[in-house]
Amino acid sequence: MKNLRIGLGALLVVAGIVLFIIPGSMLLVIAGLLLLSVDVPVARTWLKRCQTSMARSSAKIDRVLLNRKLRD
């Protein structure tokens with residue numbers, strides 16, 4: 001079971017990195033890191049780093065869109 005989780009997690013991370021130019025592919029990276037974080041401690045730190053960066057970027061997009069809406 002451990003080998004299956006690691007293999008599937010690595011496949012999802014690699015697929016997410018390859019498809020990074022397509023919107024939504026970051027979800028593949030996070031799903032892969034989630035599977036890998038069960039068995040690999042380093043993946044846990046990368047998962048936290050990706051989650052915080054996504055939260056920061058979504059907050060920034062929200063501010064930009066709100067300012068644009070208030071300006072018009």
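Reply: Let us start with A55, which is found in helix α3, a helix that runs over residues 41-71. Please keep in mind throughout that this is a predicted model.

Me: Why is A55 called partly exposed?

Reply: The relative accessibility of A55 is 44%, and the label is used for values between the limits of 20% for buried and 50% for exposed, so A55 counts as partly exposed. As for its place in space, A55 and V29 are 26 residues apart in sequence, and their C-alpha atoms are 15 Å apart.

Me: What makes N3 and V18 exposed?

Reply: Exposed means over 50% relative accessible area. N3, which lies in helix α1, has 66% relative accessibility and therefore counts as exposed. V18, which also has its place in helix α1, has a relative accessible area of 61% and is therefore exposed as well. Both belong to the face of α1 turned away from its buried side, where the exposed residues are N3, L4, L11 and V18. V18 also takes part in a nonpolar surface patch of about 510 Å², which it makes together with V14, L19, I21 and I22. The C-alpha atoms of N3 and I30 are separated by 19 Å, and the two residues are 27 apart along the chain.

Me: How do you know that the buried residues of α1 are on the same side of the helix?

Reply: The buried residues in α1 are G9, V13 and G16. They cover an arc of only 65 degrees around the axis, which puts them on the same side of α1. An α-helix has 3.6 residues a turn, so residues three or four places apart point the same way. What these buried residues of α1 pack against is α2, residues 26-37.

Me: What makes the buried residues of α2 line one face of the helix?

Reply: Those residues are V29, I30, G32, L33, L36 and S37. Seen down the axis of α2, they fall within an arc of 165 degrees, so they line one face of the helix. Their cover includes α1 and α3, while the face of α2 turned away from the buried side carries the exposed residues L27 and L34.

Me: Why is the pair of R5 and D39 called a salt bridge?

Reply: The rule asks for a side-chain nitrogen of Lys or Arg within 4 Å of a carboxyl oxygen of Asp or Glu. In the pair of R5 and D39, the closest N and O atoms are 3.0 Å apart, and the pair forms a salt bridge. R5 lies in helix α1 and D39 in the loop between α2 and α3, so the pair ties together parts that are 34 residues apart in sequence. By this rule the count comes to 1 salt bridge.

Me: Are R5 and D39 buried, partly exposed or exposed?

Reply: R5 has 25% relative accessibility and so counts as partly exposed, and D39, with a relative accessible area of 22%, is partly exposed too. Buried would require a value under 20%.

How values were computed. Residues numbered from 1 in each chain as written. Predicted model: local features only at pLDDT ≥ 70, side-chain atom pairs only at ≥ 80, totals over all residues. Heavy atoms only, no water. Buried < 20%, exposed > 50% of the residue type's maximum accessible area, 1.4 Å probe, protein only. Helix = DSSP H or I, 4+ residues; strand = E, 2+ residues; numbered from the N terminus. Arc of directions from axis to C-beta. Contact = heavy atoms within 4.5 Å. Patch = residues over 30% accessible without salt bridge, like charges linked within 9 Å, V, L, I, M, F, W, Y side chains within 5 Å. Areas by Shrake-Rupley, 256 points an atom, 1.4 Å probe, with all protein chains shown as cover.
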